[in-house]
Amino acid sequence: MSTLLQPTPDTGVPYRVRWAITDAWTLTTRETSHWLRQPFEMAVGLLFPIMFFLMFGYLIGGDISVPGGGDYREALIPGTLAMTMMFGVETTMTAMAADTQKGVTDRFRSMPMSASAVVMGRATADLFQSALSLVALVLCGLLTGWTWHDGLPSMLLALVLLLWLRFAMLWIGVWLGLVIRSTQATASVQILVYPLAFLSNVFASPESMPAWLGALAEWNPVSATAAASRELFGNPGWGGDSWAAAHPVLLAALWPLVITAVFLPLSVRRYRRLSR
Amino acid sequence: MTSPTRAVHAEGLTKRYGGKTALDSFDLTVPAGTVHGLLGPNGAGKTTAVRILATLLRFDAGRAEIAGVDLRRDAPGVRRRIGLVGQFAAVDEILSARQNLFLFGRLYHLSRPAARNRAAELLERFALTEAADRPVGRFSGGMRRRLDMACSLILAPRVLFLDEPTTGLDPRGRGEVWDCVRDLVAGGTSVLLTTQYLDEADQLADRISVLDEGKVVAEGTPGELKAKLGGDRLDVTVHDAAALDRTAAIMARVTGGEPQRHDDGRTVSVPVIDRVSALTEVVRELDAEGVTVEDLALRRPTLDEVFLHLTR
Ligand SMILES: Nc1ncnc2c1ncn2[C@@H]1O[C@H](COP(=O)(O)OP(=O)(O)OP(=O)(O)O)[C@@H](O)[C@H]1O
Ligand SMILES: [Mg+2]
């Protein structure tokens, strides 16, 4: 062999930490290379939430009114942002299932690389992509007259809470991808995400729904993040009498924490069970 | 570093799924620099054995060493010494061949320049240089397989596991993969190969283990396994299919062996011990009964026959 095939040593704690980070970064760049190889798919992914906003803002929800006389489209931007974070679960799930089905996950597992990097690389790339869709939709909002009213710190906190929801969705996505392990079956899960996204305060007021559906919608994690973003952006919201409606920011911080606390260990367990 | 003389050594490997034993006291020794074939029908336990040896699957009993490294004690050490080619090409289909090799090289912890050089080297060696920058999704099955193997060879592993490397490939693709395996072995790599194609094992393997229901039912060189079936075989092809039953009866009476009918409906074959006297006797009897013979052949048994015989 002509080249140096001596990999750097990888035993001992400092090396392990170092490789966990570099391997995760290597896998992140794998995803960014995908985007460069498939700019069209990437663009469609960014335009998808914008399409939702335009469809509801101008076609369907033209005469929906927000309590207190607020502009529906003002309320719609934070809602669509939260929905986009929730739909992120599909990206993670599909990628994870495809790798597992095609044996790429097994190849990783048969290599002397860091095991945690497989998921951490995915996490970094997915969060980065979601941040890009946040920016795209915010720009679209600014172009159509939406803006934030309560200062930059509140606005940034809203973005952090949105990404925090996306982080929680990551673990559901990893878990689902490892459970499903087939790219065909992910399609049916993708369809189920829609009712979950619509059973929320994203597009309509829970008060306008039948009582029990409305209660579910108010407690939906997506609703919590949507309502919290509306509050932090200073955009109009639906209001409501429930505890959930009164404490959106707290709930938007707690829900993702609970989801992560449940699905992160489940994902780790599933990953380990690949070797059963 | 002294290189171990045994590429793979396994003793009593056992794997259970619930109540079902997928692998039952599996023993295997592959001397360094040789190709070992694992042969068996569907569900025999071939993939289970390979996945255990490649550190992907835990096992319930037994022990194994890969290139002198204990599987239980030092799994990362084993991972640095092996390459695994699974049944489906495990490569990133969106990236190019070069990007795949660079990605996996980095994940094997090669430096950037080393990963880049190694990618170029392997592309050259697997005749992929021309297609190197095209997305793998547009590759033919054979090209994808070759890239898959190249990705498994980044660290020049001592031992390469190939799980049904040519399933789903056309004859040309199979030939390409066979050539790659021969080149590798010439370069000193040891190979453990599973296959359902007997000719593949015959072509490539120095030794073969026949697995059935998780157990090794036979082990030896292809020649030894063929000899196990009782020496040579006599094939008789008759002109008229209607005479097949009579022919089979004559052959059974003369040789004392159990005649087997071929799929073509006109050929019967039977194991023979005393070749020449069996041949003359059968010809004489057929002639006496007025059966018109179209073809007559004495030959060594095929591995197919050995396989069917052993796993029946
Ligand atoms: N995850 C699993 N859970 C339960 N049983 C399993 C599992 N994986 C394999 N088995 C069983 O173990 C046995 C051996 O399977 P294995 O995949 O090793 O066979 P194989 O020889 O590779 O077959 P094939 O030629 O079809 O690839 C089979 O009976 C199979 O059903
Ligand atoms: Mg198999």
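What is the mean pLDDT of chain B, and what share of its residues reach 70 or more? In this predicted model, the mean pLDDT (the predictor's confidence in each residue, from 0 to 100) of chain B is 89, and 98% of its residues reach 70 or more.

Local features need pLDDT of at least 70 and side-chain atom pairs count only at pLDDT 80 or more, while totals for chains, interfaces and linings use all residues. Residues are numbered from 1 along each chain as its sequence is written, chains are lettered from A and ligands numbered from 1 in the order in which they are written, and side-chain values use heavy atoms, with hydrogens and water left out.

**Figure 1. Confidence in chain B and in the complex.** Among the elements of chain B, the lowest mean pLDDT, 72, belongs to helix H11 (residues 303–311), and the highest, 97, to helix H3 (residues 97–107). Helices (H or I, at least four residues) and strands (E, at least two) are DSSP runs, numbered from the N terminus. For the complex, the predictor gives an ipTM of 0.89 and a pTM of 0.85.

**Figure 2. The largest pocket, with lining residues from chains A and B.** Here we look at an open space of about 1,200 Å³. On a 1 Å grid over the protein atoms alone, a pocket is an open set with protein on both sides within 12 Å along at least five of seven lines, a cavity is a set of points where a 1.4 Å probe fits but cannot get out, and lining residues have an atom within 4 Å of a point. Grid points are joined across faces, edges and corners, and a volume is the space filled by probe spheres set on the points. Of the 41 lining residues, Met113(A), Ser114(A), Ala115(A), Tyr271(A) and Arg79(B) lie nearest the centre of the largest pocket. At least two residues each come from H1, helix H4 (104–109), H5, helix H6 (152–180) and helix H11 (248–273) of chain A, and from helix H2 (75–79) of chain B. The lining has 23 nonpolar residues, nine polar and nine charged (nonpolar: Ala, Val, Leu, Ile, Met, Phe, Trp, Tyr, Cys and Pro; charged: Asp, Glu, Lys and Arg; polar: the others, Gly among them).

**Figure 3. The second largest pocket, about 980 Å³ in volume.** Trp35(A), Glu41(A), Thr91(A), Thr94(A) and Gln129(A) are the closest to its centre among 37 lining residues. Two or more residues each are given by H1, helix H2 (39–60), H3, H5 and helix H7 (183–198) of chain A. H3(A) gives the most, with eleven residues. By class, this lining holds 14 nonpolar, twelve polar and eleven charged residues.

Figure 4. Leu27(A), Arg30(A), Glu31(A), Met96(A), Asp99(A), Phe108(A), Val118(A) and Arg122(A) form the lining. Helices H1 (13–37), H3 (72–102) and H5 (115–143) of chain A each give two or more of these residues, and H1(A) has the largest share, three. Four lining residues are nonpolar, none polar and four charged.

**Figure 5. The second largest cavity, lined by residues of chain B.** Its volume is about 40 Å³. Around it sit Arg125(B), Phe126(B), Cys180(B), Asp183(B) and Leu184(B). Helix H6 (residues 171–186) of chain B gives the most to this lining, three residues. The lining divides into three nonpolar, no polar and two charged residues.
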